[in-house]
Every structure is written in structure tokens, then in C-alpha cells.
Amino acid sequence: MASSEDPGGRDPGGRDPGRRLLGRLLNSESPPTQAFSIVDRLVGSPYANPTIQVGGQDVSARKTLEFALDLAETMFRYGAGALEAETSIIAVTASLGLRNVEVDITNQSIHLNYAPHDAVPMSLLRVVRSRTNNYAGLALVHQLVTDIVAGGVTRREAAERLHAIVRRPKPFPRWMVTAAGAAFAAMFVLFIGGTWQGAATAFLSSLVVSQVAKLAGRWRIPEFFATAAGAFVVTGIALLLWVLEVPISPATVVAGGIILLLPSSRFVSSVQDAINGFPVTAAGRFFSAMIIYAAIVAGIMTALVFGTLAGAPVLNVASIDTVPYPGWLLAVLMVLAVVFGAVSEQTARRMLVPTAGVALLGYLVYLGVLALGVGDRLAPALAAVVIGAAGRWTALRMGAPQLVVAVPAIVFLLPGLMIFRAMYGIAIQPGDVTTGLVEMFNAFAIILAIAGGVVFGDTVARPLTRGWHGNERRRIRRR
């Protein structure tokens with residue numbers, strides 16, 4: 001009896017097994033690539049599996065889109081990243097019944113396009129032109145989106161709640177924010193080894209800088225010049241006291257004064273946007289952060305040049321004298337600095353202690369990895385990863401986005417003293433220009449590594465926090 005296959009393993013049609021397998025792959029019933037639902041963008045976010053309201057969704061589609069734009073604009077003004085704004089828009093519009101909404105976020109613009117089946121498409125655009133420190137408001141918006149996704153909140157109720165959030169007073173008055181910023185500078189100076197006289201100087205100079213910033217805002221002066229003026233004032237005061245032979249270290253005073261001027265939240269947001277697939281938005285935020293960074297550098301260099309022309313003595317920035325405080329005191333100073341920094345960012349009162357706890361955890365990790373000998377360049381990045389992961393876990397537990405906890409918690413990692421050393425070498429010591437440029441590059445690399453570490457920690461923690469919401473619902477079912 002003849003075999004159905006020939007001895008070479010070919011089928012009756014004369015094809016070998018390899019060709020049969022290739023044919024199956026090429027003739028697959030499903031196409032190799034196909035469009036996916038935009039709701040799939042919610043996977044890994046706190047708004048996965050939204051409850052979708054049914055019935056009458058097309059009647060008020062424009063009002064729903066306008067509400068989504070208002071929501072996203074508020075989030076951007078309060079400091080949210082592009083991914084968080086996009087997932088919030090998708091979750092809200094899907095929950096309110098709009099299934100065919102496309103979202104495009106480019107730098108400061110938010111574009112929504114609604115294309116229902118067999119109907120005229122609708123397109124709306126919003127441009128965000130202002131920004132303010134209000135992490136408490138950002139947490140309230142996050143909670144509002146969570147409640148909409150969970151169901152039971154109509155569009156009218158959601159719009160009223162958003163209006164109330166926008167009109168809600170910030171948790172701390174302006175004078176308290178000013179004092180907190182000055183206290184932060186004082187605590188940071190002590191943390192990096194400055195004297196108590198240097199801390200008092202940083203406190204007073206920060207109060208002066210806050211008044212300069214207030215006048216700049218009143219006179220509509222661009223942020224670049226306002227920031228440069230602040231850095232100039234801090235450096236000028238430190239050099240003046242040095243000329244008067246006041247026993248302080250100008251470098252530590254300047255480091256404490258400029259640390260709040262550093263655009264740390266913008267660097268974190270730009271790195272996050274780049275990683276999450278928003279290259280144009282990331283480039284815009286990164287360029288904006290670099291402009292502020294350049295303003296700080298310009299202010300420091302200008303003050304140093306004027307000081308040299310006025311006859312100020314040359315500083316020895318290579319070996320700055322620091323006071324060796326005990327470890328427990330450094331931990332206390334760091335916690336106090338983080339709390340004061342969070343107050344200056346208008347973080348909600350209930351978030352202050354958790355933010356300080358996350359910062360303390362990151363500080364202990366920082367000390368641990370330094371003890372292992374990883375070096376003072378990699379240690380801040382590793383500590384930032386822990387802060388990013390713990391910040392996401394803590395923030396979602398308390399109904400807030402990760403940025404609200406992580407950004408204030410990383411301030412003790414920022415290399416303010418390194419920036420001053422680099423600027424002094426470039427502006428005052430011509431023979432050390434190369435050293436100063438290398439030092440500046442290292443400082444900038446550390447800032448980017450810290451920002452990347454925060455984003456990486458947030459990404460690592462996503463599987464561990466899947467399905468968490470601010471109202472502590474473990475699971476939201478799709479209706």
C-alpha cells in the first residue's frame with residue numbers, strides 16, 4: 001500500500017513542512033497589525049476598566065468634550081504629565097459614553113476629535129498658557145477622575161466638582177509658602193554641612209528672592225529673567241557677607257538658595273513624557289527646564305563676575321569646609337526640608353507626612369548604596385528609583401498621582417553645591433574652565449538620572465498597584 005507522503009517528508013501537493021508552516025504564517029486570518037481601542041491606553045494606569053455609562057451619549061457630546069478639555073487644562077496647570085492627562089481624558093470620555101474619541105497632546109495644546117459612526121466629526125482644541133503650584137488641587141482632580149471612572153458621577157456633577165476644585169483656595173496662604181521656602185533653604189544648607197549662620201543667611205536671602213519673584217510676576221517679567229534675578233540675589237548676598245568676613249560658606253548658602261529654583265518637576269515630567277511616547281511634549285518641557293537651568297547659571301555667573309570686579313576675595317571651592325553633623329540630625333534636617341518643600345508646592349496637609357516618609361526611605365537607600373561603594377553619581381539615581389516606586393504606592397493609596405509625592409521627596413538628591421562649584425570655576429578661574437564644564441555636565445547628568453530614576457520606579461511599581469484607586473476600590477467592573 002502506497003504511503004500518502006513521499007520518503008522526503010513532502011505532502012501530496014509536493015510541499016515540504018517548512019513551506020507549509022510559512023504559508024500558514026503568511027495566510028493568517030488575522031492581519032499582522034490592526035488598530036486597537038484607545039481605551040487600551042488605560043492599561044497600567046489607575047483608570048483601567050472604566051464603568052461606561054450608556055444611553056444618550058451623543059446628545060451632549062460637545063459638552064462632554066469641553067469638560068474633558070477643562071479637566072486636562074487644569075491638570076496641566078497644576079503640573080501633571082502628558083500621559084496622566086491623556087489617560088484621564090480617555091477614561092472620562094469613555095466613562096461618559098464617548099467611544100470614538102482621539103486624543104492628541106502636543107506640548108501645551110490638547111486636541112480632541114470625536115468621530116461617531118455615520119455622523120459629523122467634532123474637533124476641539126485647547127492651549128494651556130499658565131502654570132501654578134497646586135499639588136493639592138492636582139490630587140483632587142485625580143480623585144474626581146477616579147470617581148467618574150467608578151461610575152455614579154454624571155457629567156453635570158463632575159463639571160460642578162471641577163469648578164469647585166479650581167475655585168478652591170490653596171491649602172497654605174502665600175506668607176506661609178514664602179516662609180516654608182525660606183525654611184527649606186535653611187534646612188538644606190545645614191543638610192549639606194553649612195553652619196547655623198549660613199542657614200540663617202539662606203533663610204533671609206530666600207525671603208528676598210521671594211519678593212523679587214513677586215515683583216517680577218506683578219510686572220509681567222519673563223520667568224527666565226525672574227529666575228536669573230533670584231540666583232543673582234542669592235549669590236550676591238553670600239559674596240557680600242564673605243567680603244564682610246562673616247563666618248559663612250558662600251557656596252553652601254548659594255546651593256541652598258538655588259535648590260528651590262531648580263526646575264526638578266519639569267525635568268521629571270519631560271523624562272516621563274519622553275519615555276511614555278510624547279516626544280514633542282517632552283522636548284518642549286525639557287527645553288523649558290533647560291531655559292530655567294540656564295537662567296540660574298546666568299544669575300550665578302553674573303553675580304560672581306560683579307563680585308570679582310568689586311574686589312571680592314577668591315573662594316576655594318575645591319575644598320569647602322563643612323560641619324560634620326551626626327547622622328540622626330541629618331535625617332531630621334532632610335525630613336524637615338522635604339516637608340517645607342512640599343508646603344511650597346502647595347501639597348495637601350494630609351500628604352506632608354507620607355511625602356516625608358518616602359523621602360526618608362530614599363535617603364536610607366542613598367546611604368546604603370553609598371556604603372556599598374557605587375559612587376556619588378549612581379547613588380542618587382538608585383535612591384530616585386526607590387522614591388519613584390514608593391511614591392506611586394503611597395500616592396495611589398491616598399488618592400493622588402505619583403508626582404505629588406515623588407517630586408518633593410527628591411529635592412535632597414539635587415546637586416546644588418556641584419552647580420555652584422562648576423559656575424565658579426567657569427566664571428572666575430580661567431585655568432579651571434574645563435574642570436568647571438565637566439562638573440556642570442556631571443551635575444546635569446545627575447539631575448537627569450534622578451528624573452529617569454523616578455520615572456523608572458513609577459514604571460516598576462505599576463504591576464504592584466494595578467487596580468488601585470484613590471477611593472480604595474480594588475476592582476471596577478465594566479458595565
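**Notes on the predicted model**

1. Start with A451, which sits in helix α17. Bear in mind throughout that this is a predicted model. A451 is buried, because its relative accessible area is 1% and the limit for buried is under 20%. Which residues does A451 touch, once neighbours within four places in sequence are left aside? They are F267, V268 and V271. G388 is 63 residues away from A451 in sequence, yet the two C-alpha atoms are 9.2 Å apart.

2. Now the overall makeup. The chain has 17 helices and three strands. It runs to 479 residues, and 51% of them count as buried. The accessible surface is about 22,700 Å², with 61% of that belonging to carbon and sulfur atoms. Take the contacts with a separation of 6 or more: 75% of them join residues 24 or more positions apart.

3. On the annotation, the UniProt entry is unreviewed. Residues 378–396 are 100% helix and 0% strand, with end C-alpha atoms 28 Å apart. Residues 250–269 are 75% helix and 0% strand, and there the end C-alpha atoms are 31 Å apart.

4. P250 belongs to helix α9, which covers residues 250–258. Is P250 buried or exposed? P250 is buried, since its relative accessible area is 4%. G194 lies 56 residues from P250 along the sequence. In space, the C-alpha atoms of P250 and G194 are 9.4 Å apart.

5. S206 is in helix α7, residues 196–218. Its relative accessibility is 12%, so S206 counts as buried. Leaving aside neighbours within four places in sequence, S206 is in contact with G181, A182, A185 and G257.

6. A80 lies in the loop between α2 (61–77) and α3 (82–95). Why does A80 count as buried? Because its relative accessible area is 1%, against a limit of under 20%. With neighbours within four places left aside, the contacts of A80 are M75, L138, R285 and L403. V404 is 324 residues from A80 along the chain, and their C-alpha atoms are separated by 9.0 Å.

7. D321 is also in a loop, the one between α11 (279–309) and α12 (327–344). D321 is exposed, because its relative accessible area is 69% and exposed means over 50%. I248 is 73 residues from D321 in sequence. The C-alpha atoms of D321 and I248 are 9.5 Å apart.

8. Two backbone angles deserve a look. Most residues other than glycine have a negative phi. R220 has a positive phi, near 60°. Q346 also has a positive phi, near 60°. R220 is in the loop between α7 and α8 (223–243), and Q346 is in the loop between α12 and α13. What of their accessibility? R220 counts as exposed because its relative accessibility is 74%. Q346 is buried, given a relative accessible area of 6%.

9. Last, a pocket. Rolling a probe the size of a water molecule over the atoms shows where empty space is left. The second largest pocket has a volume of about 640 Å³. How many residues line the second largest pocket? There are 22, and I192, Y366, D376, F412 and L417 lie nearest its centre. By class, the lining has 17 nonpolar, one polar and four charged residues. Helices α6 (174–191), α13 (352–371), α16 (416–427) and α17 (433–461) each supply at least two residues of this lining. Helix α17 is also where A451 is found.

Note on methods:
Residues numbered from 1 in each chain as written. Predicted model: local features only at pLDDT ≥ 70, side-chain atom pairs only at ≥ 80, totals over all residues. Heavy atoms only, no water. UniProt positions renumbered as here; feature names shortened; annotations may be inferred. Helix = DSSP H or I, 4+ residues; strand = E, 2+ residues; numbered from the N terminus. Buried < 20%, exposed > 50% of the residue type's maximum accessible area, 1.4 Å probe, protein only. Contact = heavy atoms within 4.5 Å. Areas by Shrake-Rupley, 256 points an atom, 1.4 Å probe, with all protein chains shown as cover. 1 Å grid on protein atoms, 1.4 Å probe; cavity = no way out; pocket = protein on both sides within 12 Å on 5 of 7 lines; lining within 4 Å. Points joined across faces, edges and corners; volume = space filled by probe spheres on them. Nonpolar A, V, L, I, M, F, W, Y, C, P; charged D, E, K, R; others polar.
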